[in-house]
Amino acid sequence: MNPNPERARRRYTSPLREEAARRTRETIRDAAARLFVRDGYVSTTVKNIADEAGVAVRTVFTAFPGGKAEIFREALDHAVAGDGDPRAVAAADPESSHGSGAVSHVDLVVEQVVRYGTAMLERAGGLLMTSVESSGADPDMRRFAADDAKATAENARTLAEGLEHAGWLREDVTVEHAADVLFTLSSPQVHALLRRDRGWDVDQYRQWLSGTLRATLLRQLAP
C-alpha cells in the first residue's frame, strides 16, 4: 500500500514550520527589546515593533496574542535567564562554600556574586529599568517592576542568611541590614545610575560593587 502523500508532506513540513515560527518569535522579541529600552514601553507600539522586526502587524499578534505585555515578558525572561547555566547560581551560594579555607571561599563568593549579578544586569538591566520608569503609566509595567523587586529582595535575603550562617558578616551587621544592602547594591536603578548616567565601564562597576560589598558587610578574616 502506498503511503498517503499528504500525511507524509505534513510530517516533514511541520518541524520546518515550527522552526520558522520560533525564529519569527525571537526576531519580534529582540526587536521589541531594543525599542523598549530605547523608546520606553508606553511609546513603543505594536506597529513600531512590526516595522523594527520586518514583519506585518498581524504576524506580531499571531506570534504573541497577548500583545506588548506578552512580548515584554518574554524579552525580560530571556534577558534575565541568559544562557540559563545553573552553575553560575550554585557558585554564588555561600552555603556550598562553607567549611574550609574561609578566606579563599569569601573571595570566591564575592567574585561569583558580583560576576553573576553584573552579567544579569548587563543583559536585562535596560528592560528592568523600562518597567521601573514606565510603572507610573502602565499597570503591566507596574506589576513587572513589583515582581522584580520582590524577587530581588528574596534573593538578597537568601544570600544574607548564607553569609551569616558561614560567619562572614561583620558582627555589627544583622541579616536584615545585609539583605537591605544587597537589595540596594544589586538593583537595576544603581546599575543604571552608574553605567548609563555616569558613564562607568563594566569593570569600574564590578570593582565598585565588590569593594562596597566587602567594606559594608563582610568581616576581615585572618589568613
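The side chain of Thr44 reaches the backbone oxygen of Gly40 at 2.7 Å, which is a polar contact (a pair of N or O atoms within 3.5 Å; within protein, one must be able to donate a hydrogen and the other to accept it, and residues adjacent in sequence count only if both atoms are side-chain atoms). Keep in mind that this is a predicted model, where local features need pLDDT of at least 70, side-chain atom pairs count only at pLDDT 80 or more, and totals for chains, interfaces and linings use all residues. Residues are numbered from 1 along each chain as its sequence is written, and side-chain values use heavy atoms, with hydrogens and water left out.

So where does Thr44 sit? You'll find Thr44 in the loop between α1 (5-39) and α2 (46-53); helices here are DSSP runs (H or I, at least four residues), numbered from the N terminus. At 1% relative accessibility, Thr44 counts as buried (under 20% relative accessible area, with a 1.4 Å probe and protein chains only). Leaving out residues up to four places away in sequence, Thr44 touches Leu35, Phe36, Asp39, Ile49 and Lys68, a contact being heavy atoms within 4.5 Å.

Now for the rings. Rings of Phe, Tyr and Trp (its six-membered ring) pair if their centres lie within 6.5 Å; planes under 30 degrees apart count as stacked, over 60 as edge-to-face and the rest as tilted. By that rule there are six aromatic pairs, and here are two of them:

| Pair | Type | Centre to centre | Angle between planes |
|---|---|---|---|
| Phe36 and Tyr41 | tilted | 5.3 Å | 35° |
| Phe72 and Phe144 | stacked | 5.2 Å | 20° |

Phe72 lies in helix α4 (residues 68-81) and Phe144 in helix α7 (residues 139-165), so this pair ties together parts that are 72 residues apart in sequence. Phe72 and Phe144 are both buried, and Phe36 and Tyr41 are buried as well. Ring pairs link Phe36, Tyr41, Phe72 and Phe144 into a cluster.

The charged end of Lys68 sits over the ring of Tyr41, 4.2 Å from its centre, and that of Arg143 sits over the ring of Phe144, 5.2 Å from its centre. To count, NZ of Lys or CZ of Arg must be within 6 Å of the ring centre and within 35 degrees of the ring normal.

Last stop: Ser131, in helix α6 (residues 102-134). Ser131 counts as buried at 1% relative accessibility, and its side chain reaches the backbone oxygen of Leu128 at 2.6 Å. Residues up to four places away in sequence aside, Ser131 touches Phe72, Met141, Phe144 and Ala145.

Note on methods
Helices (H or I, at least four residues) and strands (E, at least two) are DSSP runs, numbered from the N terminus. Buried means under 20% relative accessible area, exposed over 50%, partly exposed in between (1.4 Å probe, protein chains only).
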